[in-house]
Structures are given as C-alpha cells and as structure tokens.
Amino acid sequence: MRLVSVKPSPLQPQLPSLRGGVIRRIRCGIAEPSGEPAPLGQKTRYNDGIFEKAFMTLFARKMEKYADPAGGVKGTAKKSWWDWGYDYESFVDVSRRVMQRRSRIQQQQVVREVLLSMLPPGAPAQFRKLFPPTKWAAEFNAALTVPFFDWLVGPSEVVEVEVNGVKQKSGVHIRKCRYLENSGCVGMCVNMCKIPTQDFFTNEFGLPLTMTPNFEDMSCDMVYGQAPPTFEEDPVSKQPCYQDICSMAKSSSSVCPKLQA
C-alpha cells in the first residue's frame with residue numbers, strides 16, 4: 001500500500017460537505033513550541049479547548065459505567081454526571097479501568113456499546129444509505145476524520161492510498177497518536193481503539209476500514225474502503241508490550257498479555 005501526503009491549503013484548510021459546500025478544518029491545539037508532536041519518548045503537550053474537553057467528557061461519561069471503580073490512577077476520583085472536568089489524562093484513565101477484569105473480546109464489546117449509545121436509533125442503517133462502500137464515501141469519511149478526531153488521536157492528514165488497484169484519497173495518516181502515547185499501552189491501542197473502530201465501520205456502518213498502528217514511532221495509518229484482516233492474521237496480534245512505560249507489561253511475555261486474554 002502506497003501513501004502519498006495530500007496537504008490542505010495553509011491559509012484556509014477546508015473539507016467537502018454533503019451539500020457541495022465546505023467545512024472549515026478544526027486545528028489541533030498542540031502546545032509544543034514547534035507546533036508539531038513531541039519526539040518519541042516525550043509526551044506531546046496540548047492546549048485543549050471547550051470542543052476537545054466536551055468530547056473527552058462525553059466519551060468518558062459513557063465509559064464510566066463499564067469502568068472498574070477501584071482501578072483508577074491514584075488521586076483520580078470518579079466524576080459525577082454534572083462534572084465537565086474531564087481532561088485527556090482522566091479520559092485515558094477511564095479507558096484503562098474499562099480494560100481491567102475483562103478479556104480482549106469483552107473490552108472490544110464495551111467500545112462497541114459505547115459507540116452505539118452515542119448514536120440515535122437507526123443511525124447505522126441511515127449511514128449505510130448515505131455512505132455505501134464507494135470511493136466517494138471512503139474519501140469523504142477520511143476527510144471528516146482529520147478535524148473531528150484531532151482531540152482523540154492528535155494531528156493527522158489525508159493521504160492517497162491504493163485500494164483494490166484504485167488510487168483514492170481515503171487514507172488518514174496520524175503522525176503520533178495521542179491515545180497511544182498517553183496510555184503507553186499496546187493492549188489499549190488494539191482492544192480499545194483499533195479493532196473496535198475497524199469492526200464498527202466495517203460491520204455496523206458497512207464501510208470497510210483498516211487501521212495500522214506503527215508501534216515504533218506511534219504513528220497510525222487508516223484506510224477507508226480497505227477490509228481489515230482477521231485478528232489472527234494481523235501483525236498486531238503478536239505485538240510485545242512497551243515494557244518501559246506500560247504498567248501492565250510483563251517482562252516474561254513476548255506478546256502484550258492484553259492481546260492474549
């Protein structure tokens with residue numbers, strides 16, 4: 001698969017809309033002096049605004065009912081429904097507590113339930129009507145991913161990919177995934193993001209999606225329109241832990257234990 005960067009205009013980055021107009025791109029609030037993600041081994045600093053914190057709070061609240069109340073980071077209290085004080089660290093902490101005491105499949109099922117709970121009844125069926133698995137649908141969803149998921153994964157850009165022999169701008173390159181660098185956990189990346197997101201788009205929405213994280217530089221490539229491999233055939237199924245930064249890592253295991261359960 002060949003990836004070619006497609007850079008938006010620096011003056012007025014825009015996205016296509018369903019009605020033929022444009023949607024202004026929402027830029028990610030990186031607080032680094034360079035305006036770029038921090039080098040590997042360092043955590044990128046962000047200036048999260050109301051938009052970003054609203055999404056963090058919404059997702060975290062939905063996941064709280066599945067989270068282990070006793071497994072939080074020391075000093076992190078469970079927040080009330082009226083508390084909008086979730087930041088990215090507390091959002092990741094909720095994700096980590098969802099993982100605890102659950103198998104790989106159970107973790108993925110929780111994410112599916114959370115995603116469904118955020119949609120109105122019948123939304124997947126409507127999505128299938130609006131976005132049948134065509135080149136246009138794949139490209140449109142790639143374009144929407146860049147601005148609307150900055151809060152979750154950090155800065156990204158649309159790239160050209162080849163799907164079934166056809167070149168199309170339905171790829172998204174995430175330069176350094178915020179979720180992965182903040183969690184420091186291979187299992188969280190795979191079970192709480194990659195696999196359930198792939199499955200949700202492919203099986204619920206009917207639009208194939210493949211996500212390929214790079215655990216060496218924490219980047220990730222998403223390709224809309226490309227069917228994902230089975231877990232057993234996916235290289236992530238044999239990915240070791242980040243033993244130096246993951247609290248759940250096991251030095252005796254060559255594969256992340258959260259991918260085996």
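Guide: Let's begin with the word pocket: on a 1 Å grid over the protein atoms alone, a pocket is an open set of points with protein on both sides within 12 Å along at least five of seven lines, and lining residues have an atom within 4 Å of a point. The model is predicted, so to speak of local features we need pLDDT of at least 70, and side-chain atom pairs count only at pLDDT 80 or more, while totals for chains, interfaces and linings use all residues. Numbering runs from 1 along each chain as its sequence is written, and side-chain values use heavy atoms, without hydrogens or water.

Visitor: Which residues lie nearest the centre of the largest pocket?

Guide: Phe-59, Leu-115, Phe-149, Phe-201 and Phe-205, among 35 lining residues. The space in this pocket is about 970 Å³.

Visitor: What makes the lining nonpolar, polar or charged by class?

Guide: Ala, Val, Leu, Ile, Met, Phe, Trp, Tyr, Cys and Pro count as nonpolar, Asp, Glu, Lys and Arg as charged, and the others, Gly among them, as polar. The lining therefore has 31 nonpolar, four polar and no charged residues.

Visitor: How do you know that α1 reaches close to its expected span?

Guide: The expected span is 1.5 Å times one less than the number of residues. With 15 residues, α1 is expected to reach 21 Å, and its first and last C-alpha lie 20 Å apart.

Visitor: Why are residues of α1 called buried?

Guide: Because buried means under 20% relative accessible area (1.4 Å probe, protein chains only). Phe-59 and Met-63 are among the buried residues of α1. Across the protein, 48% of the 261 residues count as buried.

Technical notes:
On a 1 Å grid over the protein atoms alone, a cavity is a set of points where a 1.4 Å probe fits but cannot get out, and a pocket is an open set with protein on both sides within 12 Å along at least five of seven lines; lining residues have an atom within 4 Å of a point. Grid points are joined across faces, edges and corners, and a volume is the space filled by probe spheres set on the points. Helices (H or I, at least four residues) and strands (E, at least two) are DSSP runs, numbered from the N terminus. Buried means under 20% relative accessible area, exposed over 50%, partly exposed in between (1.4 Å probe, protein chains only).
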